[in-house]
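Me: Could you walk me through this structure? I'd like to ask about a few places in turn.

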Amino acid sequence: MILVAVLILYGFFIGPLRALTNDIFITGLFNLFVAFVIVMVFFYLTLLLAGSHVLPVNPRDRQEKAAARGILRRFATGGRVAMAVVRDGVVVPGPGGEPREEVWGHGVIDVDSTSVVTLHTEIDLSRIKGPGLVFMRETEQLRHIVDLRIQFRSQEFEFMTRDGIPIKARLTLRFQIDQANFNKNLHAHDPKAPFPAPISWSMRPVARALTNLQVVDGGGPLTKWNDLPLLYAKGMLRAIISEYRFDDLLSPNEPTRDPRKDIREQIIARLKPVLMQQGVKVLSLSIAMFLPQEFDPDKTFNQEKPELDPITAQRIKAWKAEWESRMIKLNAEGQAEADRQREKARAQARLESIMRLTQALEQDLPLSGDQDQITQHFWKVVKKITDDPKTRSLLEEDQLRFVLQIARPGELPPQLEPPDAHGFSSTT
């Protein structure tokens, strides 16, 4: 208003055409018109010159420069201009904190180098654009934002085993839009050309990733594209866990077995082709430990007063009984095998004693003499054999007493120490 008042005073009282005639009204109107024409010419000339410098357009792209001039001219003349800034896959709020997730109408969107936006009309998808400046048409609206970087999602879910035990497990998934590749050498380009984008992408996988978005329970907004892969994995894990018993998931009786590895491989084999059709590629999947639903690590690992949940306490008792029965069975089998080996060694010792006795008789038997001399000589040979420490260790106590009593008539047999746990005398 001050500018208009100054122009009116200038046109009616000071203007250059004021001296041509004494008609103040006509001369004032003509001077005012000329002043307004000059102001408008400089105004639009300023918009023309500054339009391509206010926004970060490509100076070699004529269409972007023209669109930027149109946006600035519309803004300067009081028209409505839709504006939004996309950073790290989200829309930045406006200066007053107002949300700009679904701006519409003629305007511009500044998209960072790792994101892509979709523009929709009232009928269907209009365009998929980004990164850089995206100029919107009058009938278009910002709808979805796709982050081209690797996505990481982790959440703890609850499941039910085949034997009706509620459990929980954390599922972690890394994925990315299909055909999105990082440019590893950003500096290998023509210096005269614009700086290349850090990520190259294709429009078709992005369109496929946005075709099957679902409405959340209660009729709320659509689910985001980067939330669907974890939901698919959750459903597959729920179906697999329903086929396992709780003990089969933990395998307490088979420490070398790892059921989580088998389950993870099954989920990856099922999930990859499904998400590939959705325009998403799976990079990695991990499953945390399966724990009872009421398991609380703070209470369980409390050093002062540990407290187990009912399911864990009951399963530990069952696993303890199972391992105790295995221990008793293994001890019994070991004792039976020890007794068998002991009896086998005794039989072998008896056989060796007889063979050595036979060989000794064949070598030391006299050529003449009566039967009594042969008998005495026989028992002397027996005593000689029993004096050998190796032979004594193979004979039982009763056998050794008998041989010594026969070989030394009239003498008491020496006291022998009791055999050890394996049936051998400690003198050996």
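Me: What does the secondary structure of the protein chain come to?
Reply: The protein chain has 12 helices and 13 strands, where helices (H or I, at least four residues) and strands (E, at least two) are DSSP runs numbered from the N terminus. This is a predicted model, in which local features need pLDDT of at least 70 and side-chain atom pairs count only at pLDDT 80 or more, while totals for chains, interfaces and linings use all residues. Residues are numbered from 1 along each chain as its sequence is written, and side-chain values use heavy atoms, with hydrogens and water left out.

Me: How much of the protein chain do buried residues make up?
Reply: Of the 428 residues, 29% are buried, with buried meaning under 20% relative accessible area, exposed over 50% and partly exposed in between (1.4 Å probe, protein chains only).

Me: OK, which residues touch the most other members in the largest nonpolar core?
Reply: Those are W225 and I263, in a core of 39 residues; a nonpolar core here is a set of buried Ala, Val, Leu, Ile, Met, Phe, Trp, Tyr and Cys residues joined through side-chain atoms within 4.5 Å. Two or more residues each come from β8 (151–160), β9 (166–177), α4 (203–209), α5 (228–241), α6 (246–250), α7 (259–277) and β12 (280–287), and α5 gives the most, with seven residues.

Me: And what does I263 touch?
Reply: Not counting residues up to four places away in sequence, I263 touches L237, I240, Y244, L249, I287 and F290, a contact being heavy atoms within 4.5 Å.

Me: Switching to Q176: where does it lie, and is it buried or exposed?
Reply: Q176 lies in strand β9, and it counts as buried because its relative accessibility is 3%.

Me: In what order do the strands of the three-strand open sheet come?
Reply: The order is β5-β4-β7, with antiparallel pairing, where two strands pair if DSSP finds at least two bridges between them. β5 (125–129) and β7 stand at the edges with a single partner strand each, so one side of each has no neighbour in the sheet.

Me: How many bridges join β4 to β7?
Reply: Six bridges join β4 (residues 115–120) to β7, and L119 has L142 in β7 as its bridge partner.

Me: Last one: what should helix α3 span?
Reply: The 15 residues of α3 (residues 62–76) should span 21 Å at 1.5 Å a residue, which agrees with the 21 Å between its end C-alpha atoms; the expected span is 1.5 Å times one less than the number of residues. Within α3, A68, G70, I71 and L72 are buried, and just after α3, G78 takes a positive phi of about 90°.
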